[in-house]
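Let's take a walk through this protein together. Have the viewer ready, and we will go one region at a time.

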Amino acid sequence: IQDETTLAKVMAHEIAHIKHRHPIKALGRAVIVGVSIGLMSTSMGDSMTSRILGDAGLLTTLKFSRDQETQSDNTAMQAMAHHYGHVTGADKLFEILQQEHGEDGLSVPQFLSTHPLSEQRIQNVNNRAVQAGWSLQQKVTPLPGEFSEWLASSRKALTTEAK
């Protein structure tokens, strides 16, 4: 991330999850789905049925998660537009992720992912900006050099620890 508006979008997106109570909803949904599947699979007594019900529950949970990501993206863009008067940079993180993870259609199918694919998110940003009349072509403020250096070193440290 090289500019203020892209960083603001990321931060606003994460704050939007809290605003919309997504962590609490996800936990509640997981408990309900888990208990329901447990009750149904016990009464049916078939391991194949249990597995199918479990997979259906997982896919349902993933769909809710993707919807929450889209909702948080939209809320973050509203915050950006309110503060900056434009949403330039709202799609930048997804472009970076696309480059780093090589999302070229050969990655995990969207229906098995907790997040919409970066390509879909970029398209959603563009569509939402057009619908709301928000510009995606304004000048952005670069992050201060020392902050960019700190981000890069933190990222390097996290990547090294993960290995």
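The paragraphs below cover confidence, then the core, then a pocket.

Keep in mind as you look around that this is a predicted model. Averaged over the protein, the pLDDT is 80, with 68% of the residues at 70 or more.

Now turn to the interior. In soluble globular proteins, nonpolar side chains tend to be buried together. Here the largest nonpolar core has eleven residues: M77, M80, A81, V87, A90, F94, I122, V125, A129, W134 and L136. Two helices, α3 (47–84) and α5 (118–132), each contribute at least two residues to this core.

Helices α4 (92–101) and α6 (145–162) are the elements that supply two or more residues to its lining. The biggest share comes from α6, with six residues. In total, 14 residues line the pocket, and I1, L93, I96, E100 and R155 are the ones nearest its centre. What is the make-up of this lining by class? Eight of the lining residues are nonpolar, four are polar and two are charged.

Key:
Residues are numbered from 1 along each chain as its sequence is written. Side-chain values use heavy atoms; hydrogens and water are left out. A nonpolar core is a set of buried Ala, Val, Leu, Ile, Met, Phe, Trp, Tyr and Cys residues joined through side-chain atoms within 4.5 Å. Buried means under 20% relative accessible area, exposed over 50%, partly exposed in between (1.4 Å probe, protein chains only). Helices (H or I, at least four residues) and strands (E, at least two) are DSSP runs, numbered from the N terminus. pLDDT is the predictor's confidence in each residue, from 0 to 100. On a 1 Å grid over the protein atoms alone, a cavity is a set of points where a 1.4 Å probe fits but cannot get out, and a pocket is an open set with protein on both sides within 12 Å along at least five of seven lines; lining residues have an atom within 4 Å of a point. Ala, Val, Leu, Ile, Met, Phe, Trp, Tyr, Cys and Pro count as nonpolar, Asp, Glu, Lys and Arg as charged, and the others, Gly among them, as polar.
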